[in-house]
Amino acid sequence: MAKAFSLAHYALFSLRTSSLFLHRRRNALSHFTFSAPFSSSSALSTTDKRNWRRPVVSVLELGGVKIAKDDVVRDDPTNNVPDTIFSKLGMQLHRRNQHPIGILKNAIYEYFDTNFSSKFDKFDDLCPLVSVKQNFDDVLVPADHVSRSYNDTYYVDSQTVLRCHTSAHQAELLREGHSHFLVTGDVYRRDSIDSTHYPVFHQMEGFRVFYPDEWDASGLDATAFAAEDLKKCLEGLARHLFGAVEMRWIDTYFPFTNPSFELEIYFKEKWLEVLGCGVTEQEILRRNGRLDNVAWAFGLGLERLAMVLFDIPDIRLFWSTDERFISQFRSGQLGVKFKPFSKYPPCYKDMSFWINEAFTENNLCELIRGVAGDLVEEVSLIDNFTNKKGMTSHCYRIAYRSIERSLTDEEINDLQWNVREQVQSKLNVVLR
């Protein structure tokens with residue numbers, strides 16, 4: 001597995017802790033990982049870059065994103081967005097005040113409004129279709145970095161993606177003159193399947209710019225001043241959300257901040273990673289007309305924190321329309337504990353096949369989602385071996401379970417046969 005990072009995800013995998021720093025998989029404790037060994041950027045021509053067009057403004061409405069299907073799912077050789085992902089566009093769970101994601105977002109807003117006199121501008125309706133430049137280049141992700149892979153990112157065409165992180169809007173907001181802002185939104189990433197991973201999730205990024213007269217009076221240099229202010233701000237936010245908890249700062253590395261930190265809290269007898277943050281690299285400020293400034297930035301994953309605060313055990317529940325889920329939450333009530341209403345047992349099906357050089361687990365999971373949707377609970381590799389001829393076999397266990405009803409044997413068998421047929425025909429593997 002290759003290690004990866006990107007500006008709005010740092011702890012986004014494993015529940016996506018951060019919107020600012022790229023995801024981390026469950027088997028990597030300190031870095032984000034991706035399964036694809038290639039980068040799409042090398043195939044992009046100068047003509048492609050010139051031809052990228054921002055989506056038409058009319059597709060975006062205040063109060064909800066309205067995007068036509070052919071704006072996202074296209075007959076283009078670089079398009080890898082399935083119908084299942086298009087169906088999530090515009091749902092904007094973070095703008096629903098009685099939904100756990102919206103309740104958490106508003107609680108964070110309340111903290112910043114109270115402690116910073118409404119100084120932070122808030123953005124929660126920015127269009128999720130962005131350019132490759134916005135998503136990667138503007139936040140200093142290297143041109144050959146694995147995070148640009150078609151295996152991990154949803155491409156509409158060679159120069160347009162569904163944003164992987166809310167940091168995709170950072171440079172634009174700086175150029176527009178915003179110096180304090182919070183950006184919340186739905187973000188998209190091809191991913192594994194289990195109770196804490198989903199290809200659509202929600203992030204919030206915070207950004208604050210300082211001016212020379214602010215740090216001159218402190219007696220600290222600009223970087224030390226920004227780092228001290230950042231830690232004070234985020235410690236206050238952690239107390240606002242979790243109460244009087246023990247906290248600790250972990251030094252880390254990100255390519256877009258220096259110094260960089262992770263904040264952990266001691267919650268329910270274990271250390272919980274809350275967010276990633278740091279002092280913004282001067283190159284980002286310089287490129288966006290902030291030559292004499294210093295800034296900090298942080299990012300957090302709303303699903304990760306909401307699952308902890310509301311005791312929600314399965315990330316699929318956030319997308320449920322079942323009244324037994326929806327009715328448990330009220331606007332402004334942070335931390336109401338979810339009461340499970342479904343105890344339907346999972347059904348396990350195993351599938352073995354000889355892989356080829358092009359095979360990736362993300363492609364497998366994407367295909368299974370396309371067949372079974374949210375009826376698939378988990379896909380896990382339970383066995384692999386290489387024979388004397390150098391052929392490698394993988395055995396995956398698929399857990400089917402609805403969070404709302406009992407599945408019939410016939411329904412599960414139909415799903416599994418469809419999955420097997422699709423895996424063999426579309427991934428070009430040999431079933432065993």
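Biologist: In which sense do strand 12 and strand 13 pair, and over how many bridges?

Modeller: This is a predicted model, in which local features need pLDDT of at least 70, side-chain atom pairs count only at pLDDT 80 or more, and totals for chains, interfaces and linings use all residues. Residues are numbered from 1 along each chain as its sequence is written, and side-chain values use heavy atoms, without hydrogens and water. Strands (E, at least two residues) and helices (H or I, at least four) are DSSP runs numbered from the N terminus, and two strands pair if DSSP finds at least two bridges between them. Strand 12 and strand 13 (residues 270-280) are antiparallel, and the number of bridges is nine.

Biologist: Which residue in the turn between strand 12 and strand 13 has a positive phi?

Modeller: The two strands form a hairpin with two residues between them. F267 stands opposite K270 of strand 13. The positive phi, about 55°, belongs to K268.

Biologist: How many bridges join strand 11 to strand 12?

Modeller: Strand 11 (residues 246-254) and strand 12 also form a hairpin with two residues between them. E246 has Y266 in strand 12 as its bridge partner. The strands run antiparallel, and the number of bridges joining them is eight.

Biologist: Is strand 12 largely enclosed or exposed?

Modeller: Buried means under 20% relative accessible area, exposed over 50%, and partly exposed in between, with a 1.4 Å probe and protein chains only. Eight of the eleven residues of strand 12 (residues 257-267) are buried, so the strand is largely enclosed.
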